[in-house]
Amino acid sequence: MEISTLCIFEDEGYENFLPITYTKAVFELVCGSKTLLQRVVEALKPRKIVLIVRDYLKDKLLEKTGFVVNEADVEGDTLIINGRLLLDSEALNVLEEMKRGEALIDGETLLAVKLGEGVAR
């Protein structure tokens with residue numbers, strides 16, 4: 001899958017993981033030997049990564065990852081993913097088949113959306 005920008009965001013679902021998510025973003029949670037963030041980045045290999053988190057976590061994540069944090073600094077095709085999404089082979093297959101303008105929703109929860117260049121800005 002060719003993705004120019006990968007945007008990973010936190011939604012209100014981080015509250016389901018309290019108290020551990022008081023001090024870290026939900027995608028920093030470890031599942032097996034890797035964080036949810038590491039799994040997504042390794043699987044999709046985007047050129048650019050943007051993280052959207054609670055304001056008080058911004059500086060810590062910027063320092064820790066070096067990624068763009070809480071800024072809409074996107075370019076090219078952009079895949080926006082919920083930080084709670086556990087990227088297994090089934091989820092990866094679904095993401096790879098997504099076309100521009102399509103969204104993946106579970107109930108009322110946005111899991112992912114793929115946007116073309118210029119739309120995500």
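Colleague: In which strand does threonine 78 lie?
Modeller: Helices (H or I, at least four residues) and strands (E, at least two) are DSSP runs, numbered from the N terminus. By that count, threonine 78 belongs to residues 78-82, which form strand E6.

Colleague: What are the ground rules for this model?
Modeller: This is a predicted model, in which local features need pLDDT of at least 70, side-chain atom pairs count only at pLDDT 80 or more, and totals for chains, interfaces and linings use all residues. Residues are numbered from 1 along each chain as its sequence is written, and side-chain values use heavy atoms, with hydrogens and water left out.

Colleague: Is threonine 78 buried or exposed?
Modeller: Buried means under 20% relative accessible area, exposed over 50%, and partly exposed in between (1.4 Å probe, protein chains only). Threonine 78 has a relative accessibility of 1%, so it counts as buried.

Colleague: Which residue has its backbone oxygen 3.2 Å from a polar atom of the threonine 78 side chain?
Modeller: A polar contact is a pair of N or O atoms within 3.5 Å; within protein, one must be able to donate a hydrogen and the other to accept it, and residues adjacent in sequence count only if both atoms are side-chain atoms. For the side chain of threonine 78, the backbone oxygen at 3.2 Å is that of glycine 76.

Colleague: With which side chain does the side chain of glutamate 10 make a polar contact?
Modeller: Glutamate 10 sits in the loop between strand E1 (5-9) and strand E2 (30-31). Its relative accessible area is 12%, so glutamate 10 is buried. At 2.8 Å, its side chain has a polar contact with the side chain of arginine 54.

Colleague: Which peptide bond is cis, with omega near 10°?
Modeller: Proline 19 is also placed in the loop between E1 and E2. The cis bond runs from leucine 18 to proline 19.

Colleague: Is lysine 45 buried or exposed?
Modeller: Lysine 45 lies in the loop between helix H1 (36-44) and strand E4 (48-52). Although not a glycine, lysine 45 has a positive phi of about 50°. Its relative accessible area is 63%, so lysine 45 is exposed.

Colleague: What is the relative accessible area of asparagine 70?
Modeller: Asparagine 70 is in the loop between strand E5 (68-69) and E6, and has a positive phi of about 60° without being a glycine. Asparagine 70 is partly exposed, at 23%.
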